[in-house]
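Please look through the sequence and the model shown here before reading on.

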Amino acid sequence: MIAPLSAELIAEANSAATPALEEDYAALGRKLERQGVAIDRIKDRVKEFSVAVPSWGAGRGGTRFAKFPLAGEPTNIHEKLEDCAVINQLSRTTPRVSPHFPWDKVDDYGALREEADSYGLSFDAVNSNTFQDQVGQPHSYSTGSLSSTVEATREQAIEHNIECIEIGRKIGSRALTVWVGDGTNFPGQQDLGRSFDRYLDGAAKVYAALPGDWTMMLEHKMFEPAFYSSVISDWGSSLLAAQELGERCKCLVDLGHHAPNVNIEQIVARLHRAGKLGGFHFNDSKYGDDDLDSGSINPHQLFLVFNELIEAELNPRDGFDPAYMIDQSHNVTDPIESMLSSAETIAGCYARALLVDRDALHQAQDDNDVLLAFRTLRGSYECDVAPILAKARAELGGAIDWLSAYRASKYRERKAQERKPVGLGAGIV
Ligand code: LRH
Ligand code: MN
């Protein structure tokens, strides 16, 4: 397996950090033991936990105003895979990459699959793109895509999604994520009912092309690029569509796609209740779809989402296997550092949700002991699980202190020498 960073560098750094880690781990172990929790059980669960990274997150992101390139940032899927391999080598938490087409288009997908495999990576859900026009594209998506009033445009969008499925089969993926930017900027611009009907008609043709062992995930979003109505604007529209399209059609929750202060953890509980919780795009936001680093603004919300996921795991109904994926835009940081930080934050929220004494919580809830129920949850949220995460990483060959190890590797500086510079521009990628 190709390891972009020297294993010696990581091993040396880890041996220096191990004595302090062992001390912190033992102390936390004693504290948790007093609460009846075996720390090694939590560590072993954390070692099984993983989250996919977005290929498009490996490069610098931007806004409509500007994108500020980073020297040495990746310029194609091959360089993005190398950077994703660095993230997994240090974190041991991100063995899958979620690709986006046509951004990650290549001539030989079999070779791409082998290339990923050579880094110990595999491909998670493929993402279609009917929210941008490509050069030479016969029909513009300016009128929408799957919901466009123009039949030729709808057919083009259907064909593109089916092409993404074909690519996905070649690279070993087993799911398609469909986010459409379809919507309106003016009241009256489109009929809100008929645009949904057209979307369903198109999505049904995509669903019909889905291989038997695949899942199709619908991603809702309240606004942007449309600013009056979005065809799949919320979990209700997504659920309606997923229920109508079929059993292997599920709903994907991108944390940034909701109005401020929406109770996203309750949406997770409801979608699980309906057997339609397909997956997540983890990120954070303060205002709109800011695509900030996961847990960087509201880590408590991320913890509460994982609290619902542990409850769902304990009560799986008809199938609980959500896809965990990051979807962020790294406008001002080194994307590798941001995704390492996010992977740790996400695994940390999972670990703290595992610490919750579910019997005590349920008992307090049944007794309507409000404060005890709250404190039972909050106590786990306030637990510093960093020693568990670091020990899990170290035991899997990752870095105890991933930031120092990454910076000591001078990886980005080396890539700045090797890779062609990215020009100035604007937009998400
Ligand atoms: C839409 C979205 C979607 C992706 C895109 C990159 O805002 O979250 O998941 O296709 O970002
Ligand atoms: Mn997303």
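## The ligand site and its surroundings

The residues of the shell around ligand 1 divide into four nonpolar, three polar and five charged, where Ala, Val, Leu, Ile, Met, Phe, Trp, Tyr, Cys and Pro count as nonpolar, Asp, Glu, Lys and Arg as charged, and the others, Gly among them, as polar. This is a predicted model, in which local features need pLDDT of at least 70 and side-chain atom pairs count only at pLDDT 80 or more, while totals for chains, interfaces and linings use all residues. Residues are numbered from 1 along each chain as its sequence is written, chains are lettered from A and ligands numbered from 1 in the order in which they are written, and side-chain values use heavy atoms, with hydrogens and water left out.

Ligand 1 is surrounded by 12 residues, and the closest are His100, Glu219, Lys221, Asp254 and Asp327; a residue is near a molecule if one of its heavy atoms lies within 4 Å of it.

| Atom of ligand 1 | Side chain with the N or O atom | Distance |
|---|---|---|
| oxygen | His100 | 2.7 Å |
| oxygen | Glu219 | 2.7 Å |
| oxygen | Asp289 | 3.1 Å |

On its own, ligand 1 has 300 Å² of accessible area, and the protein covers 97% of that area, as computed by the Shrake-Rupley method with a 1.4 Å probe.

## The manganese ion

Glu219 also belongs to the metal site, where the protein donors of the manganese ion (ligand 2) are Glu219 (OE), Asp254 (OD), His281 (ND1) and Asp327 (OD), lying 2.1 to 2.2 Å from the ion. Donors are N, O and S atoms within 2.8 Å of the metal (3.2 Å for Na, K and Ca), and sites may look incomplete because water is not among the atoms. The arrangement is octahedral because the six donor atoms around the manganese ion subtend angles of 72 to 170°; six donors count as octahedral if opposite donors are over 155 degrees apart and all others between 65 and 115. Glu219 lies in strand E7 and Asp254 in strand E9, so this pair ties together parts that are 35 residues apart in sequence. Strands are DSSP runs of at least two residues (E) and helices runs of at least four (H or I), numbered from the N terminus. Both Glu219 and Asp254 are buried, that is, under 20% relative accessible area, whereas exposed means over 50% (1.4 Å probe, protein chains only).

## Details in the loops

Two peptide bonds are cis: one joins Phe101 and Pro102, with omega about 15°, and another runs from Glu224 to Pro225, with omega near 10°. Pro102 is found in the loop between strand E2 (96-98) and helix H4 (109-118), while Pro225 is in the loop between strand E7 (215-219) and strand E8 (229-230).

Asn261, a residue other than glycine, has a positive phi near 70° and is exposed, with a relative accessible area of 81%. Asn368 is not a glycine either, yet its phi is positive at about 55°, and this residue is exposed at 64%.

Ser145, in contrast, counts as buried at 0% relative accessibility, and its side chain makes a polar contact with the side chain of Thr130 (3.0 Å).

Notes
A polar contact is a pair of N or O atoms within 3.5 Å; within protein, one must be able to donate a hydrogen and the other to accept it, and residues adjacent in sequence count only if both atoms are side-chain atoms. Four donors count as tetrahedral if all angles lie between 85 and 135 degrees; four count as square planar and six as octahedral if opposite donors are over 155 degrees apart and all others between 65 and 115; anything else is irregular.
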